[in-house]
Structure formats: structure tokens, C-alpha cells
Amino acid sequence: MTVHPTWHRRALLCALALVCWGGLAAPATGAPEPAPTPLAGAAAAVTFSDDFDGPAGAAVDTGKWQIETGDNVNNHERQYYTAGNRNAALDGQGHLVITARRENPANYTCWYGRCEYTSARLNTAGRFTQTYGHVEARLKVPRGQGMWPAFWMLGNDIGQVGWPNSGEIDVMENVGFEPSTVHGTLHGPGYSGAGGIGAAYSLPGGQAFADAFHTFAVDWAPDSVTWSVDGVVYQRRTPADLGGRSWAFNKPFFLILNLAVGGYWPGDPDGSTAFPQQLVVDHVRVTSSDGGPGGQPGQISGLAGKCVDVAGANPANGTPVQLYDCNGTGAQRWTLGSDGTVRALGKCLDVASGGTADGSPVQLYDCNGTGAQRWAVSGARDIVNPQANKCLDVAGGNSANGTRLQLWTCTGAAQQKWTVPAG
């Protein structure tokens, strides 16, 4: 197929980089959490979920999503993305409704002059990222010429390396003139825009995707992305498909939902297009892969999709344990002992000097059977040191590589949530 030029959609998000990469976890709710149990992991765990429960008209959960605003000259899209709940609101029945309207109530200016349409675009940058796993959304797309709904992901390093070096995974795109067809595509350095690597999936018998909800998903592992619709796999891509070009997908990505109006690929609305149109989202869900996040054995992942890591892969006693990009090395390969220990490089995860105060640093140390090396996990994914009755925590909620891990009073914040490997 000839893949559409989607490179242009990055411009709006890149302009918001200071917002996208500056966010921290939502504060704790204060609700009680389940009591810890001996440390043992599941083969896969839900790491992000939004079922959009709430009253009709409510805005999305800003602890999970941020709303982008503005127009998009690079793709010649026609809409202006608005803030708040104007075009992205809950319907009171467990759905998020993203609405495209033919209107301009605030006299918005677009690249072509006075804007003709409004819509909404949401992303999880600064709130949630992950490396590998099962990523899905159950959606009902709009219909009509010029409509362009999408569920997709961008590399979390876009603010540093730009697009397309960041990589892009389009889980689902649909254009109104193809009511029975959706597209899944990879974009990266040397295979972006019209050169993206992807395939299309069509419903049988001329059914339209706008007629019902469908589940669009990717299963993402090191050097592999596999697309499905309603559980039916229709393509798998690996570095072998890139002709020697760089694979840009072994790192953290964030999620995006949007409904564009017009543009180079879908074309503009015409007299046959009825407004308003709606992209209805039943749920968005991300789980870790079997055997630990992304299928990498032993990885413990947490804030921003990054991993618990032994600094410099140094096995010496006292080496700091930190947050770092997941990379599959031995410094991130942890095993969970039946005695409650967490081990890497032949040594144990240890609270320095057996500390129990907030801020006590965590390190690697010879296994010695003390309470400083005993850990348990709660049903809410906290890793707890029972001796201190405190949680494994990313200092300051800072997702930068090299941030030290510590003990801290359990608060329920994202910086204390972990996905552990199978025991």
C-alpha cells in the first residue's frame, strides 16, 4: 500500500514539549491499599487503564491525559484542537466522546485563516509511558469524508531527538473515504511519512467500522510489533522489514487519541459530511508483556516505563539502585526469592544501613538475611519494605535516567508503582 504522510501531526505536540515532558504523577487519593503479600509477580499486569467512568460532560482524568490545543499546518488539517471538555468529555455511560464540529465559537485562527472546525487531541506524555506490552483501545470511529480518527504512540524522547527519530507506532488510523478499512503503521528514521511501514485491515462484507465498537491493539516486544483488530492479527513487523534502517521502538512511548478533520490524506469534508462527528472510546488499556515488562526477563518497570537498574552494572557493595531506560542488561535482571529478597548481579536489593526513615537510599549489597533486604508487593503494585513499612520510591518523582531509588511513606503515587517479573 501507499502509506499516508503522517509526519506532519507531530508539529502540534512538539510545540508543547515543555508541557509534555514536565509532568509528574498525580497525587495520592488517600484511599487505603491492600495489605502487602510476599513478593511474587504476575506474568502480565495492567499498567495503564481508563474506562472513562464519570458523570456526563466531565472532562478526562488529567492525571492520565493532557489536552493539546491549536491547529496543524504541516498536514493541512482543518480543525482547531480545543481545551477542556468542549470537544473531549465523558458521556456518563463509560465512554469518552471526542467530537468534531463545524464551528468556531472563539474565533480561532488556523493556518488557512479563520478555523472552520474544532475537535480534540489527548496524550499521556509526562503522565504515562511504557516500553513493550499489549496496548489496546476499544473504539467506535466516526464516518464521513474528511474524518481522520487515530490511536497511536510516540517515542518519549521526541523532545530530545525529534521526529521521526523518536519513532511512531500507529495502532489504528481510519480515513472517512475508507469506511471498512483501518491502517497500522510504523514511522522512524528513513521510513517516515509516505515511506512508513504498515498494512491495512478491512472488515468483511462491506461492514463499516463506524457501525460498532472494535478493539484495536498492538503486541509490542523487543524488535517486534504485531497489530490486531478484535483479536485477529493482520501484520507483524521486525527490523528485518526496514532494509537496514534503524529500529526506533525499543524504548518508552506514550499514547495519543485524536480526531482530525481534513488534511492531505483524508481530504477535506464535503457536502456529504454531516457534523458533528464523534470518536467514541470505551476503554484504553496497557498491560506488561509475559515474563515481565516487554518480555525482558527480570525487569521491574515503574515511573515513565523505566526500569529498576544497578548503576553502571557495578556489583560492588553500596552501588546505587536507580531508575533508567529499560535495556535488558544484567543490571536490570532481577530475580525474586521465596525469602522476600530481590536479587541482581548476585547480590540483594538493600536499604542502606537498614534505614527506615523517608529518603533512606536503596542500594545493591551482599545478601545477609536482614530486614533491610526483605520486600513485599501489594495488590496496588507497591513494593514495600516491611521493616520500615515504607515503599520503594523514585526520589522526587523524577523520571530522568539515574534518579536514585529510596524508601518513602506509601502514598499511592505513580513513582511508587512497579510491575514485577514472574517469580
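**Notebook: cavity lining and ring pairs**

The lining of the largest cavity splits into six nonpolar residues, two polar and one charged (nonpolar is Ala, Val, Leu, Ile, Met, Phe, Trp, Tyr, Cys and Pro; charged is Asp, Glu, Lys and Arg; polar is the others, Gly among them). I'm working on a predicted model, where local features need pLDDT of at least 70, side-chain atom pairs count only at pLDDT 80 or more, and totals for chains, interfaces and linings use all residues. Numbering runs from 1 along each chain as its sequence is written, and side-chain values use heavy atoms, with hydrogens and water left out.

I looked up who lines that cavity: Val-141, Pro-142, Arg-143, Asn-174, Val-175, Gly-176, Pro-179, Phe-209 and Ala-210 (a cavity is a set of points on a 1 Å grid over the protein atoms alone where a 1.4 Å probe fits but cannot get out; lining residues have an atom within 4 Å of a point).

Next, rings. I found 14 aromatic pairs in the structure (Phe, Tyr and six-membered Trp rings with centres within 6.5 Å; planes under 30 degrees apart are stacked, over 60 edge-to-face, the rest tilted). Phe-48 and Trp-65 pair edge-to-face, at 5.7 Å centre to centre and 85° between the planes. Both Phe-48 and Trp-65 are buried (under 20% relative accessible area, 1.4 Å probe, protein chains only). Phe-48 also pairs with Phe-128, tilted this time, at 4.8 Å and 35°. Phe-128 is buried as well.

I also noted a cluster linked by ring pairs: Tyr-132, Tyr-191, Trp-220, Trp-247, Phe-249 and Phe-253.

Notes. On a 1 Å grid over the protein atoms alone, a cavity is a set of points where a 1.4 Å probe fits but cannot get out, and a pocket is an open set with protein on both sides within 12 Å along at least five of seven lines; lining residues have an atom within 4 Å of a point. Buried means under 20% relative accessible area, exposed over 50%, partly exposed in between (1.4 Å probe, protein chains only).
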